[in-house]
Amino acid sequence: MADVNRGNRPLSPHITIYKPQFTSMTSIFTRITGNALLVASILIVWWFLAASTGAESFALADGIITSWFGDLVMFGSLWAVWYHFCAGLRHLWWDTTLKGLDIPTAQKIAYAVIGGSLVLTVFTVIVI
Amino acid sequence: MSYLTDRKRATGRGSAKTGTEHHWHMMVSSVALAILVPLFIFTFGPMLGAPHAEVVEYFARPFPAIVAALTIVVSMVHFKGGASIMLEDYVYGTNLKIALISVTLLSYAIAATGVFAIARIAL
């Protein structure tokens, strides 16, 4: 058999050997924020279920979500959802136009994603 | 020693061929969420911390109820797709199968619970 080295072949280069870059960090944060939003999703659905059940259940769920720790989670999730939103729009733009994939432009959009998510978070906190 | 030829061993071991379809589903749900998420944030947000009676009355109205139900369902479908891809990148073998099944069950359970709760409030 030509292929004698089975099971011990090198893997393709993975994240562990690359130096972290601005563009790669903004990319991995899309995944981190997206998956972390599961926590807020469970809390919000629990809040809705409690509201539909009655005043007593609602008091418990609402009390936990609006406690200082709940506020921290919800505030973090608010930023996470806006970040994921901006990064998602970036992906839609990349995937539909195939533009902006060169390094200078990609770096500019990375700044825009971070800036946009912060501005939208502050805006939401002020409005709500 | 295997009697299979190299060619025979390689055949059928390529990609799963579902990547394009998966990508397309993520794009469709992301466009839906790009509209729904801002609507949800600015309808759900002011209600967070409001008294129970006000919350129930607010989500009995068609627009906030429909936005909330759609956001929960579409975001869980989108989550199922995104989390599955993440697991496929980092988890292997039987653990991957268990993780994929868990994510799928969890996503649908959250979506069903959300729709049930909003329906009970709204109706």
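This is a predicted model: local features need pLDDT of at least 70, side-chain atom pairs count only at pLDDT 80 or more; totals for chains, interfaces and linings use all residues.
Local features need pLDDT of at least 70 and side-chain atom pairs count only at pLDDT 80 or more, while totals for chains, interfaces and linings use all residues. Residues are numbered from 1 along each chain as its sequence is written, with chains lettered from A in the order in which they are written.

**View 1. Helix 1 of chain A packs with helix 5 of chain B.** Here residues 22-53 of chain A meet residues 93-122 of chain B at an angle of about 30°, their axes 8 Å apart (axes are lines fitted to C-alpha atoms over the stretch in contact, and angles run from 0 to 180 degrees between N-to-C directions). The two helices are therefore roughly parallel (angles under 35 degrees). Look for Ile42(A), Val45(A) and Phe48(A) among the residues on one side, and Ile110(B), Gly114(B) and Ile118(B) among those on the other.

**View 2. Helix 2 of chain A has a buried side.** Phe58(A), Asp62(A) and Ile65(A) are its buried residues (20 or more other C-beta atoms within 10 Å of a residue's own, C-beta atoms being placed from the backbone).

**View 3. Chain B touches chain A.** The contact takes 28 residues from chain B and 27 residues from chain A (C-beta atoms, placed from the backbone, within 7 Å). Helix 5 gives the most to chain B's side, with 7 residues.

Note on methods: Helices (H or I, at least four residues) and strands (E, at least two) are DSSP runs, numbered from the N terminus. Angles under 35 degrees count as roughly parallel, over 145 as roughly antiparallel, 65 to 115 as roughly perpendicular and the rest as oblique. Two residues are in contact if their C-beta atoms, placed from the backbone, lie within 7 Å. A residue is buried if 20 or more other C-beta atoms lie within 10 Å of its own, exposed if 12 or fewer, and partly exposed in between; C-beta atoms are placed from the backbone.
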